[in-house]
Amino acid sequence: MISGMSGSQFAEQLIAAERMGKDQLYQNNMTKHQTQLDAYEILEKSLNQMTSNLEKLDGDAFDSKTSTISDENASITVESGAATGSYDLYVKQLAQAHQVSKSFSGEDAPLPATGVLTIQVGPDAADTLTLDMATYNPGGNATVSDLTGMINSHPDNPGVQASLVRTGGQVELMLSSTETGADSTIDVKMDGSDWGMTERRAAQDAEVTLNGIDIKSSSNYLDNVIDGVSIELNKAHGVGESSTIKIESDTDASEQAVKDFVDSFNELMDQINQLTRSMGSSVLDDINDDKDKDKDKDKDDDDDDDDSPSSVTEDQLGALKGDSSVRMLQNSMRTAIFEPASNGMRLSDIGIEMTREGKLEIDEDKLAKALKDNPGAVEAMFTGSDNYVDRMDGIIDPFTKSNGYLDLKQENLDKQITRVEDNMARHDYQMEQRYQIYLAQFTAMEATINELNSASALFY
């Protein structure tokens, strides 16, 4: 063509100019809806993190206990809910497994080819292993070494372990009960008569005194000997010795749970501020500075990627500024935090103050002192009737529950995004049709021009 452009190039330029307005409109709508959808997802994650930290406060945070013992004669396991207190433990003797042996000239010492060997563990005759040597050693070739395998692998083994102890020129066939306690004695007979076993270690129960109370146990593990407290006995005390056991409230766990609650509250307030308010560049710089500090602080924490709420990007600032319900959520939470608990105590009584910016600030020394001096009252603030946890849950639940406010908002935005995508697809189809029309017209025009140029050449 005269312009040097082909018909297809003319058609493309016309379509580009014609579709520019709607393309921009659809792209702006898509960006707006997607930004709002991402903003609601960020808010939902922050609310879920807040709920998770509230569950810690309403769970075992104030029930956690720590235990100490004055020596290594025993080990302590303590569960949440165990009563605090101090206990004096005296270990008179440990529980032992019975052990007997019989001497043989060597590992290849032959076993009798006849006779019935019985091994009974404990007082119940049903717990007896019977070996008929005519069956197990019919050729008379079995040795004492083979006997250990016969005993250990027998399906009716009542709880005895056989082994060989080499003493130089001889070996000892050692039989050990697999259970400790005075009732786990081993009785070995051949054809009903004693087989000549020598006792190497007596079967005995553990005997201890706990705060003056005598306790016997077939095991060295005293399970739940005190409600929520189990004791593993390691060695007996000497005369005049004893261990002091202390069970105390784990204030560190309680303090950390309160700190997590404050951190998640402040994180949520920050994100609502960012999502619902238009902010200038100076505010954005402050936000980015805070993010950089958080990254430096938490870069070694492996759990942050999964548990930490997502950060608000620059594009998402003010994305929800028209949503009054989100602002109402923020105001309701601040009001609930400001009101006293049912026991009359306020968060300020335990070192938690609300700043002018509407965020919480902790006086760690005051919090630690409150947990130490009056842990029950602090616990009641978060677990008693009309507590802070229930208040927060009541405010958050309508937003995060299934088919709640956030679900409905996200569902509506998904529909709007789908609608824009459908409009864009129709627009693309229409523009393609227009392009084909323009292409046909310009192609025909180009052909006509070429014909005229060819005809005009005849006159020269």
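Predicted model: local features only at pLDDT ≥ 70, side-chain atom pairs only at ≥ 80, totals over all residues.
Which residue lies over the face of Tyr388, and at what distance from the ring centre? I started my notebook with that one. Arg391 is what I found there, 4.9 Å from the centre of the Tyr388 ring.

**Entry: another arginine over a ring**

I looked up Phe338 next. Arg346 lies over the face of that ring, and I wrote down 5.6 Å to the ring centre.

**Entry: aromatic pairs**

How many aromatic pairs does the structure hold? I got five. I picked out Phe261 and Phe382, which form an edge-to-face pair. Their ring centres are 6.0 Å apart, and there are 75 degrees between the planes. The cut-off for edge-to-face is over 60 degrees, so 75 degrees gets that label.

Then I checked where the two sit. Phe261 belongs to helix H4 (residues 251-276) and Phe382 to helix H9 (residues 375-383), so this pair ties together parts that are 121 residues apart in sequence. Are they buried or exposed? Phe261 is buried, and Phe382 is buried too.

**Entry: H4 against H7**

Two packed helices get described by the angle between their axes and the distance between those axes. I looked up both for H4 and helix H7 (residues 324-338). Their axes come within 10 Å and cross at roughly 150 degrees. That makes H4 roughly antiparallel to H7, since the cut-off for that label is over 145 degrees. I noted the handedness as well: H4 passes H7 in a left-handed crossing.

Which residues meet there? On the H4 side I listed several, among them Phe261, Phe265, Leu268 and Met269. The H7 side includes Val326, Leu329, Met333 and Ile337.

Most residues other than glycine have a negative phi, so I went looking for exceptions. Asn224 has a positive phi of about 50 degrees, though it is not a glycine. I found Asn224 in strand S14 (residues 221-226). Its relative accessibility is 40%, so Asn224 counts as partly exposed.

Where is Asn403? I traced Asn403 to the loop between helix H10 (388-400) and helix H11 (405-456). Asn403 isn't a glycine either, and its phi is positive, near 65 degrees. With 57% relative accessibility, Asn403 counts as exposed.

Conventions. Residues numbered from 1 in each chain as written. Heavy atoms only, no water. Phe/Tyr/Trp six-rings, centres within 6.5 Å; stacked < 30°, edge-to-face > 60°. Helix = DSSP H or I, 4+ residues; strand = E, 2+ residues; numbered from the N terminus. Buried < 20%, exposed > 50% of the residue type's maximum accessible area, 1.4 Å probe, protein only. Lys NZ or Arg CZ within 6 Å of the ring centre and 35° of its normal. Axes fitted to C-alpha atoms, helices over the stretch in contact; angles between N-to-C directions. Parallel < 35°, antiparallel > 145°, perpendicular 65-115°, else oblique. Left-handed = near helix turned anticlockwise from the far one by under 90°. Contact = heavy atoms within 4.5 Å.
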